[in-house]
Amino acid sequence: MGQQRRYKQLESTAQLKKLITRYYALSRYHRLWGRPLKRPLAWVTSGAPVELLRAFKIHSVYPEQYGALCSTSKATLGLCQEAEAAGYSPDLCSYATSNIGSVLKADIAPMKGLPKPDLVVACNNICGTVLKWYEALARHFQVPLIVIDTPFLTGDMTDHAKEYVLEQFKDLISQMEKLTGRNFNPGELGKISDLSNEAVGLWKEIRGLCRAKPSPLNGPDLFIHMAPIVVLRGTREAADYYRLLKDEVKKRVEREESALEEEKIRLVWDNIAIWSNMFKFFKMFSERGACFVTDTYTGGWSMEIAPGDPLESLAATYTEVFLNRSPEFRAKQIIDLIKEFKADGFVMHSNRSCKPYSLVQEVIRKRVMQETGVPGLVVEADMADPRAFAEEPIRNRVQAFLETLSD
Amino acid sequence: MLNMDQKFKGIDQIDLLIDEAGLNGDKRRERYPDRKFYGFFCSYLPEELVLAAGMQPLRLFPSSLQGTPAELPAYCCSLAKGTLSLAKPGTYDDLAGYGFVHTCDTMQCLGGIWKDIVSQDKTYMIVPPVMLGAPGADKYFRIEAENLLFALGQLNKSNPGNSEVAAALKLCRQVRQLAGELDQLRPMLPSQLVSALLRAGQVMPREEYVSALQNALPVLKEKAEEAGARKKLLVTGAVLENDSFFSMVEELGGRVVADDTCTGYRHFIEPPIKEETENLMQTLINRYIEMPPCPCRNRGLDTRLNYLESLARRRGAAAAIILIRKYCDPHAWDAVPLAKGLRDAGIQVLVMELEGAGVGGQERTRLQAFIESL
Ligand code: SF4
Ligand code: SF4
């Protein structure tokens, strides 16, 4: 693990590992006892309104999170090739194709694949890929497909978009009532939303602590510790975990302890991590004292559900996620992060898997540079598929970029 | 029997339509100096509303000579790259505006980029529902359409109301009916001819198109003859900016008897509408909800497959060709279940990935082998 030598692991990581291991073990058991107890198992997208599913005691597993896990376990390539042999193009999102590969050939997949679903639930607030991916899953497993269609917002949220999402939520509720035999309990949803907000609020605070100079966390910390906010949002465990993490990060700030040995450059990261080579890649920065103090991706899960009618608030929260917004919105987000976190530069991962995230980056980069005067670098790779990671050219670009920042 | 006058007129009009299709709107300013054109990309843009606001819908196509604009990465489809590289030097500056439809992730991004570097004020994106059968989808879509109409009116300083919308709907129905007649003749006409005649209807003023096609159809009917030994094919895919694929099919002994491309008959199809509603806008929108869906939308898991299968059967197509533009995610995704479903139904399938609409030696070899194997 020579690559990780400079990486100062947080103590909470041990607890995180336990939590995630337990979650996957539970998911597996769920496959066995979930159905008789009318607690179906759903595969859901990262931006799906999981609070609503939890209100029906549906257990959710996250193929996207599993996609990241496959990549860090070096399994993605084999899984993608499996999907490609079945006709899926290598140009498609590698979370999706590796997931399909794991469905087609579980024995080469980490943990022998995810436990089979009773239903699949996609929300297209992150991309159009999830519609096609979940259609494929529904066909393969012959299970119900539920899609929550959250219209792309070219500007601000509109009344008719909100009403449309709300109508679909109501429909989802009546479908879930039939599927689980349980009645919808708005009080229960309110409680779950509160738990979501608790975890989200803590995650926000943790991210906010990185405004400190030096920053207590670096990009990889944010990426590693985001797992519970994705897979356990709306549970007590997630809220408890982030309380623990916050205490630790706060202590680092009080001790003025840096995530790196010495923080010289502060950067903002845009897009999903390059899981396949995460430590190798981030080390190119950390060995020169460049710290990723914040990012746009893990911040995607720091949107609280507003008080008021829980269904209406959920409709707004899930439609207004940043990937469902215009380039202007996204540019402003990065500009604000640069200002708030006093960053010296930003790095955009042009992620060939994720078109909605990546295709607008150049326009955003120019705008951010114009408004902040801070330079931005684009690095082309893929979040999960190692074939798209060209180490030498990337290293050269990173070095040249950091040199200009150190001048 | 047509008299000589009708015949010559018909032939002239066919020439005109082929010419227009070859130009893809390039000579719009000289040919139609009094018309205002409004650029669009996708068949889910309600053309009726553009017409109601006093403009002519012009489908924007990439050209074969195109660069890669710096704003887009290499892993983006050539439709987006090509149109953006045409827009940057001002090729479209005469257009009254640009109408985007939210379809795929690429179009979502292109719309945003267009606003940023081509025109902030003249660019508009309508966001139809993805789940066409979802509760509330029809109302949501109707309001999106009303907002589009309002924006178009402001753009063209017109104030389109019910009567303008009704007139535009009538014109579009006329176009669609004529296109439907042409599509019926497809098994008996050269594939590239039908493809060109249909594309012309997306790049020239619609009244002129109606009149040209009206005059052309009787001659086409006379010329129509059975495909003979030609291999009957169904073609499905997205946008095709020229007819080279269809010509190649003919050269290799095939005939496209059924077409489901965005720029082919799917653009014009008039699905049986349940009933006219009292709300004109809802009636208009219902067509877009009911038409055979493209891969970016969902109206049930197997709707698209079932439609293609029955289309192939009705037209007696023995095989299907699924065309995918490189880096086009929605069509690449659908290719897998379509190929499987059609094969299971006894229809042979060839999946072909193309850089753009142009085809070359490599495609010829594959297509030839496929057609010969039928
Ligand atoms: S395309 Fe992007 S947002 Fe969609 S599933 Fe893939 S990585 Fe996630
Ligand atoms: S549907 Fe396909 S061809 Fe059309 S813009 Fe999207 S990616 Fe490009």
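Reader: Taking a salt bridge to be a side-chain nitrogen of Lys or Arg within 4 Å of a carboxyl oxygen of Asp or Glu, how many salt bridges turn up across the interface of chain A and chain B?

Author: This is a predicted model, and in it the rule finds 6 salt bridges across the interface of chain A and chain B. One pair that meets in this way is A:E163 with B:K139, whose side chains come to 2.7 Å, N to O.

Reader: And how many residue pairs are in polar contact between the two chains?

Author: The count is 15 residue pairs in polar contact between chain A and chain B, with both residues at pLDDT 80 or more. On the chain A side, the elements that each supply at least two residues touching chain B include α5 (94-104), α6 (129-141), α7 (159-180) and α14 (327-340), and the strands β4 (145-148) and β7 (345-351) are among them as well. The largest share, 8 residues, comes from α6(A).

Reader: OK, what sort of residues make up the side of chain A that touches chain B, by nonpolar, polar and charged?

Author: That side of chain A divides into 22 nonpolar, 11 polar and 15 charged residues.

Reader: How many residues are in contact on each side, and what area is buried between chain A and chain B?

Author: Chain A brings 48 residues into contact with 44 residues of chain B. The area buried between the two chains is about 4000 Å², and carbon and sulfur atoms give 63% of it.

Reader: Let me pick one of those elements: is α5(A) mostly buried or exposed?

Author: Of the 11 residues of α5(A), 10 are buried, so this helix is largely enclosed by the rest of the structure. The buried residues include A:Y95, A:N99, A:I100 and A:V103.

Reader: What do the buried residues of α5(A) pack against?

Author: They pack against β1 (41-44), α3 (63-72), α4 (76-85) and α6 of chain A, and also against α13 (329-344) of chain B.

Reader: Changing topic to B:R266, is that arginine buried or exposed?

Author: B:R266 is buried, with a relative accessible area of 2%, and its place is in the loop between β6 (254-261) and α11 (280-290) of chain B.

Reader: So what does the side chain of B:R266 reach?

Author: The side chain of B:R266 reaches the backbone oxygen of B:G237 at 3.2 Å, and a polar contact of 2.7 Å joins it to the side chain of B:D260. Beyond its neighbours within four places in sequence, the residues in contact with B:R266 include B:D259, B:R287, B:C294 and B:H331.

Reader: You mentioned B:D259; which residue forms a salt bridge with it, and where does that partner sit?

Author: B:D259 forms a salt bridge with B:R186, the closest N and O atoms being 3.7 Å apart. The pair links distant parts of the chain, since B:R186 is in the loop between α7 and α8 (191-200) of chain B while B:D259 is in strand β6, 73 residues apart. B:R186 and B:D259 are both buried. There is also a network in which salt bridges that share partners join A:K132, A:E135, B:D260, B:R266, B:R304 and B:D334.

Reader: How many salt bridges are there over all chains, and which residue does B:E222 meet in one?

Author: A search of the whole structure finds 62 salt bridges over all chains. B:E222 meets B:K7 at 3.7 Å, N to O, and this pair too links distant parts of the chain, with B:E222 in helix α9 (residues 206-223) and B:K7 in helix α1 of chain B, 215 residues apart. B:E222 is partly exposed at a relative accessible area of 36%, and B:K7 also counts as partly exposed, at 25%.

Reader: Quick one on the backbone: which peptide bond is cis in chain A?

Author: The peptide bond from A:K213 to A:P214 is cis, with omega near 0°, and A:P214 lies in the loop between α8 (186-209) and α9 (219-225) of chain A.

Reader: And what phi does B:K157 have, and is that residue buried or exposed?

Author: B:K157 has a positive phi of about 50° although it is not a glycine, and it is exposed, with a relative accessible area of 76%. B:N24 likewise has a positive phi of about 50° without being a glycine, but B:N24 is buried, at 17%.

Conventions: Residues numbered from 1 in each chain as written. Chains lettered and ligands numbered in written order. Predicted model: local features only at pLDDT ≥ 70, side-chain atom pairs only at ≥ 80, totals over all residues. Heavy atoms only, no water. Contact = heavy atoms within 4.5 Å. Buried area = accessible area lost by both parts, 1.4 Å probe. Polar contact = N/O pair within 3.5 Å; in protein donor to acceptor, adjacent residues only side chain to side chain. Helix = DSSP H or I, 4+ residues; strand = E, 2+ residues; numbered from the N terminus. Nonpolar A, V, L, I, M, F, W, Y, C, P; charged D, E, K, R; others polar. Buried < 20%, exposed > 50% of the residue type's maximum accessible area, 1.4 Å probe, protein only.
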